Structure formats: C-alpha cells, structure tokens
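Biologist: Please take one part of this model and go through it slowly. I would like to know what sits there and what surrounds it.

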Amino acid sequence: MAVILWHNPRCSKSREALALLQARGVTVTERRYLEDAPTLAELREAQARLGLTAIKMMRVKEPAFKARGLSRDSDEAMLLAAMAEEPKLIERPLAFAEKGAVIGRPPERVLDIL
C-alpha cells in the first residue's frame, strides 16, 4: 500500500497522520505542499478525488483567508485559485491512495483509505 500525504511537518495533526500510516507499514510519499505547492490543476484533481467543495478543503480561520477577501460564499474557481497561490490555505493533511482520498481531520481518517 502506498499513500501520498500532503504534509506540513509543523502541524501536529499532519504529524499524527504520518505516524499512523508509518506504524501500519504504509509506504508514504510526503509532499510538503507549502514548499512544493500544488498547481491549480492538481487542486482540481484533489477536489474531484476528495468529492468535496473547495471551501471544505480550506483553512478558513487562516488570516490569509480574510485578507484575500474570501468568504464561505466565494465561488469555487476563486477558492481554488487562492489555494494555488497561497497553499497555507489548504486544509491538512490530505492523503491519497488507490482506494481514495481524505482530509486527515481527525488524523485517524487517513486509515479509511487503506
């Protein structure tokens, strides 16, 4: 089993998700998305795999959310573009495997795709 984890090592939930996967012997490819930001196309693909609206993929309490004039009613294209431009707006961690994709909130959710 292999999982790609969009990971922020400074985030405790992201670290917990990584540890849960590693404890089960899962091969994890870490993508430090703050350093290696996903493109708009990758975000659209992630959204499709997650089956979520863009707002559910976002950290709405992040100061950059309000600073950009975003709201829960902003359109999908605007929200996805904001995440592409400012990846700290992406909720973390995101886990992708052959079986599916999830946002690891709580971290145990990453086990759902194994």
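Modeller: A polar contact is a pair of N or O atoms within 3.5 Å; within protein, one must be able to donate a hydrogen and the other to accept it, and residues adjacent in sequence count only if both atoms are side-chain atoms. The model is predicted, so local features need pLDDT of at least 70 and side-chain atom pairs pLDDT 80 or more, while totals for chains, interfaces and linings use all residues. Residues are numbered from 1 along each chain as its sequence is written, and side-chain values use heavy atoms, without hydrogens and water.

Ser74 belongs to the loop that links helix 3 (63-67) to helix 4 (76-85); helices (H or I, at least four residues) and strands (E, at least two) are DSSP runs, numbered from the N terminus. Ser74 counts as buried because its relative accessible area is 13%, and buried means under 20% (exposed is over 50%, partly exposed in between; 1.4 Å probe, protein chains only). A polar atom of the Ser74 side chain lies 2.9 Å from the backbone nitrogen of Ser71. Beyond its neighbours within four places in sequence, Ser74 is in contact (heavy atoms within 4.5 Å) with Gly69 and Leu79.

Next comes the start of helix 4, where a side-chain oxygen of Asp75 reaches to within 3.2 Å of the backbone nitrogen of Ala77. Further along, the buried residues of helix 4 are Leu79, Leu80, Ala82 and Met83. Seen down the helix axis, these residues fall within an arc of 155 degrees, so they line one face of helix 4; the arc is taken from the directions from the axis to the C-beta atoms. Helix 2 (40-50) and helix 3 are among the parts that cover the buried residues of helix 4.

Helix 2 leads on to the sheet, as it lies across strand 1, strand 2, strand 3 and strand 4. The sheet is open, with four strands in the order 2-1-3-4 and mixed pairing; strands pair if DSSP finds at least two bridges between them. Its edge strands are strand 2 and strand 4 (100-103), each pairing on one side only. Strand 1 (residues 2-6) and strand 2 (residues 27-31) run parallel and are joined by five bridges. In that pair, Trp6 has Arg31 as its bridge partner. Strand 1 also runs antiparallel to strand 3 (residues 94-97), with three bridges between them, and here Leu5 is partnered by Ala95. Strand 3 and strand 4 are antiparallel too, joined by four bridges; Leu94 stands opposite Ile103 of strand 4.

Notes
Axes are lines fitted to C-alpha atoms, for helices over the stretch in contact, and angles run from 0 to 180 degrees between N-to-C directions.
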